[in-house]
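Here are my notes on this one, written up as numbered points. Have the viewer open while you read.

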Amino acid sequence: MKRIFSRCCELFLGGCAHAAPAKPISGPMTGASRARSEEGLRSASNCKTAARDISSPIKASQVAFPLLLAVAMSGCNTSEAPIGGPASALPPAPAGYLAPLTDAVKELYGEWRPLSGPGVSRQDRLTIWSPMFSWGSGCELTQGQLRDMGGGRFGLDNFTRLSPRCEPQRRLAPFDRGEVSITMPDSATLRIERGGEAWLFAKVDVVGTYPGDNLIRGEWLLADSRGRPFRNDELTRVTFGPEYRVDAANCSLATNAWFGDRDWQVRIGGSYVRMNEPCRPRTLGDRLAKLGTAAVYTAEPAETRMTVRISGQRATLVPAARYPDLARNADAIPPHGWAQELADAAAKLEGEAREGLALRAVALGGEAFPGVGARVDPRRLAFAGLTARQHERAVEAGLLPPALGPPDSLSEHLAAAPIVTVATLEGIRPVDRGDGLSLDYLYRVREGWRGGQRTGDLLIVRMPSLEVRSRSRAITPAAGDEVLLLASRTGYIAGRLIEGIPPSADTRVVQMTLPLMRVVNGKLAELVDGANVLGAAGFAGTSVDEARELARSVDERMTAFAPPRPADRFGNPTVRRFFITRVGGRALPDPTRLWLEHDGSTNFGNPRGYGGVTAFFDGCNLTQRSGEYWVTNDAGCTDSVGRDLAEPVVERVAKWIDDNGFPDIICVSTCPADPNYTVPLRDGEVTMRAMLR
């Protein structure tokens, strides 16, 4: 046992050939890094006995104990023979073991793909994190660390262990030996030089290569490699919704999970797979169904399609809305359960109370600031995506029109719309969302100017029931027309709740505002010539480049008044609002009046490890966290007989969460779409629901 422990210590202090990095990669694992992880686990299984004897203290200045333990175990084996045979002897110990983390190294952080250079391929990736790097792919993967030598020069400490099963037995240049010169011509380009040779790399936007749900969700048709849908007996529908479904001529498949992956891939999974029996594959669609969860799609947002290889044959998926003769006649989409409850509650309230509920349901409004926003139309407030106070400041700055006046310039139109895109009308479909038949205008984003929409995202403009005005020429471009679309998700939700109607749970559904402008020969043009809808004739003829720059400038100024809410790298909010809907046995008539906001992001500077509760509203007073202190805006509200309307239970809930953690729902495979969160207080349980998004 002592000999085993000594061997582990010797390997650790001398530098293991495949030492773990000091800081993990921030992002999904590449295939290579996943292979490294699996190799480490196999090595660690031989080290359990040695790990039990490791009890000596380790200095915090070196590395965290769990990481050192993993490093020690990864180089340890109960056998005296070198792992992998004589060909894989450990390299000499690098100086200092861990290279210093300098600003020059931090500049190189990220994942890079090779553009040019001797001996590289498209599959190779260079990843740099802390001083550690990984370069190549497959058997030619080279790992090690960079030592900053100043002046753009970096020494290489190689930790690569070549498997005896790999051919050829070599490390990949330029990280195979000596030192290299690394410069950055710009923030997205890396140039590496060594011995008169040069390699050029481009930065990989790892998050940006994940296809969004807005692109994937919906009904698609299987088509040939040129994008022509198969018809008649070969017609195949592929649906990405609550289930992934393939409906082909002889075979059908359903499973309950699909997800976007890096490099624009769409993968299939799930806890169940249903396939009809018997399934006798005769068509390409049948073979796609037989692939089951092995099907891997590649999204192509610019072309609004996906490609897939089926038995070595390349096929494509095209949106079904482009081919109404092949698509289903009408989709029936039930309303969101929580939205239905909010709409029912709103219908029972009067005037301002109903409008307040609609705004709070989308986390807008001026809680605990009496008089703020009194002159603001709640529909407009929700459309702009601003709180009452932010809206007031934007009006004072001249970005938005005063009071209820219409916008009279292109900049005011762009400022009033939180979503601004150049999009193409892809199709129109009839839909029943539980409140009567309506029309969905499906727009595919070509350029996102405001609101974070990406190329390929789908925006659905929902028109009221099938009436003449739904087909008005002022709002109905021809299929394939490119338009400047101004829209809002929050405006759609708030407007529906004010009417007492449940909005859709589909986050792609938006409310459009006029004017709708066509893009013709790189310039804006009226959708209907001479109509001058909301002053559109005044800025018709503006070039797309000028309009894009104006939208960017307006967005920067609006962001100064209303900075975006904190979000993770995938756009999901890290600070979420939760409404208290029930206290003990008492259901609240307005399920949005009491709320708290919780920061679920990791924060190791916080003793709780997470951000915790950041603000709460007890019906009268808004309390917000400022550093280590709480600041309360005491509005002091009472009813007609002088009773305080504040609910002290909200503060008790906030304290319970900070003491015990947020009562998250733990689920496996399938999670509830609209869970209740329960806080067990001494005088009764308190039920919370998440903000309608």
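Is Trp258 buried or exposed at 14% relative accessibility? Trp258 counts as buried, because 14% relative accessibility falls under the cut-off (buried is under 20% relative accessible area, exposed over 50%, partly exposed in between, with a 1.4 Å probe and protein chains only).

1. Ground rules. This is a predicted model, so to speak of local features takes pLDDT of at least 70 and side-chain atom pairs count only at pLDDT 80 or more, while totals for chains, interfaces and linings use all residues. Residues are numbered from 1 along each chain as its sequence is written, and side-chain values use heavy atoms, with hydrogens and water left out.

2. Overview. The chain has 693 residues, and 46% of them are buried. It holds 15 helices and 31 strands (DSSP runs numbered from the N terminus: H or I of at least four residues for helices, E of at least two for strands). Take the contacts (heavy atoms within 4.5 Å) between residues at least 6 apart in sequence: 58% of them join residues at least 24 apart.

3. Strands 9-10-11-12-13-14-15-16 form a closed barrel of 8 strands with antiparallel pairing (two strands pair if DSSP finds at least two bridges between them). On average, and ignoring direction, neighbouring strands of this sheet are turned by 30° against each other. Strand 9 (residues 218-223) and strand 16 (residues 313-319) run antiparallel and are joined by 4 bridges; look for Leu221 opposite Val318 in strand 16. Helix 7 (residues 284-291) packs on the sheet, and its direction makes about 85° with that of strand 15 (axes are lines fitted to C-alpha atoms, for helices over the stretch in contact, with angles from 0 to 180 degrees between N-to-C directions).

4. Aromatic pairs. There are 12 of them in the structure (rings of Phe, Tyr and Trp, the last by its six-membered ring, with centres within 6.5 Å; planes under 30 degrees apart are stacked, over 60 edge-to-face, the rest tilted). Trp135 and Phe201 are an edge-to-face pair, because their centres are 5.3 Å apart and their planes stand at 75°. Trp135 sits in strand 3 and Phe201 in strand 8, 66 residues apart, and both are buried. Ring pairs also link these two with Phe133 and Phe175 into a cluster.

5. Back to Trp258. Its ring and that of Phe240 have centres 5.6 Å apart and planes at 80°, so this pair is edge-to-face too. Phe240 is in strand 10 and Trp258 in strand 12, so the pair ties together parts 18 residues apart in sequence. Phe240 counts as buried at 2% relative accessibility.

6. Nonpolar cores. A core here is a set of buried Ala, Val, Leu, Ile, Met, Phe, Trp, Tyr and Cys residues joined through side-chain atoms within 4.5 Å. The largest has 29 residues, with Leu342, Ile493, Leu497, Trp595 and Leu692 touching the most other members. Helix 13 gives the largest share, 5 residues. Leaving out residues up to four places away in sequence, Leu692 touches several residues, including Trp338, Leu342, Ile493 and Pro503. A second, separate core of 26 residues includes Ile216, Val246, Leu253 and Cys279.

7. Helix 11. In this helix (residues 388-396), Ala388, Gln390, His391 and Ala394 are buried. They line one face, because they fall within an arc of 160° seen down the axis (taken from the directions from the helix axis to the C-beta atoms). These buried residues pack against helix 10 and helix 14.
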